[in-house]
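Please look over the sequence and the model shown here before reading the report.

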Amino acid sequence: MRIPDPTAASVFGLPLWLVVAVGAVALFGAFQAYYWIGRRLGDALHRSRVGRRIGRERIERVEGVVRRWGALAVYGCFWVPGLRHTLPWVAGALRVDYRWYLVASALGCLTWVPVTSFGLYSLLWAWLSLAARSPALAAAAVLAAAVAVALLLRRRRNRSGAPAPEAVRSCRDA
């Protein structure tokens with residue numbers, strides 16, 4: 001089996017770096033739209049269809065993060081799945097200073113997009129290389145990754161179902 005040269009990578013006939021750059025610009029544009037929509041919605045964010053879908057409790061938690069960290073939270077949200085597309089709405093609704101928001105979202109796009117794109121790309125090429133040398137080992141790697149994800153999800157589910165420490169203490173004291 002011939003392994004393609006990853007240095008000559010292209011997507012839809014375009015160089016990979018160009019696809020990543022276009023993705024970064026598109027994400028930056030989406031972040032600006034999220035901010036201005038959130039700013040326009042303001043407090044109505046909680047009652048909007050998006051707000052109901054996200055959930056009031058989650059929005060209030062994100063509001064707390066934005067109030068505490070401001071534009072730094074905008075940069076940090078790139079690295080937290082789920083928060084990436086929630087926090088910008090809330091930042092707009094809370095009227096985070098747009099100049100700082102703009103800088104934080106630009107820095108987030110400039111760092112997160114290449115790291116994740118090339119990181120995932122490297123992982124894919126490493127797996128394809130492994131599959132070319134040993135299909136059984138490549139299948140075992142996928143199986144191991146699936147088991148690890150399943151165990152992680154199970155652990156998170158069990159942890160979220162555990163009683164709060166205050167509840168445990170009050171039972172012991174009774």
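## Basis of the model

This is a predicted model, in which local features need pLDDT of at least 70 and side-chain atom pairs count only at pLDDT 80 or more, while totals for chains, interfaces and linings use all residues. Residues are numbered from 1 along each chain as its sequence is written, and side-chain values use heavy atoms, with hydrogens and water left out.

## Overall fold

The protein chain has eight helices and two strands, where helices (H or I, at least four residues) and strands (E, at least two) are DSSP runs numbered from the N terminus. Read from the N terminus on, the order of these elements is β-β-α-α-α-α-α-α-α-α.

Of the 174 residues of the protein chain, 28% count as buried; here buried means under 20% relative accessible area, exposed means over 50%, and partly exposed is in between, with a 1.4 Å probe and protein chains only. The accessible surface of the protein chain comes to about 12,000 Å², and carbon and sulfur atoms hold 66% of that surface; such areas come from the Shrake-Rupley method with a 1.4 Å probe, and for residues only the protein chains shown count as cover.

## The largest pocket

Rolling a probe the size of a water molecule over the atoms shows where empty space is left. A pocket is found on a 1 Å grid over the protein atoms alone, as an open set of points where a 1.4 Å probe fits, with protein on both sides within 12 Å along at least five of seven lines, and its lining residues have an atom within 4 Å of a point. The largest pocket holds about 190 Å³ of space, a volume being the space filled by probe spheres set on grid points that are joined across faces, edges and corners.

The lining of the largest pocket consists of Arg58, Arg61, Val62, Val65, Pro81, Gly82, Leu83 and Thr86. These lining residues divide into four nonpolar, two polar and two charged, where Ala, Val, Leu, Ile, Met, Phe, Trp, Tyr, Cys and Pro count as nonpolar, Asp, Glu, Lys and Arg as charged, and the others, Gly among them, as polar. Thr86 sits in the loop between α4 (71-77) and α5 (87-93), and because its relative accessibility is 12%, Thr86 counts as buried. Apart from its neighbours within four places in sequence, Thr86 is in contact with Ile54 and Val62.

## Salt bridges

How many salt bridges does the structure hold? There are three, a salt bridge being a side-chain nitrogen of Lys or Arg within 4 Å of a carboxyl oxygen of Asp or Glu. Glu60 is paired with Arg56, with the closest N and O atoms 3.2 Å apart, and both residues lie in helix α3 (residues 56-69), four residues apart, about one turn of the helix. Glu60 is partly exposed, at 40% relative accessibility.

Arg67 is paired with Glu63, with the closest N and O atoms 3.9 Å apart, and because Arg67 and Glu63 are four residues apart in helix α3, about one helical turn separates them. Arg67 is exposed at 59% relative accessibility, whereas Glu63 is buried at 12%. The side chains of Asp97 and Arg99 also meet in a salt bridge, at 2.8 Å from N to O; Asp97 is partly exposed, with a relative accessible area of 30%, and Arg99 is exposed, with 62%.

Arg95 lies in the loop between α5 and α6 (98-133) and has a phi near 55 degrees, a positive value in a residue other than glycine. With a relative accessible area of 47%, Arg95 is partly exposed.

Ala104 belongs to helix α6 and is buried, with a relative accessible area of 6%. Not counting residues up to four places away in sequence, Ala104 touches Ala71, Val74, Tyr75 and Phe78. Ala104 and Leu72 are 32 residues apart in sequence, yet their C-alpha atoms are 6.6 Å apart in space.

Conventions:
Contact means heavy atoms within 4.5 Å.
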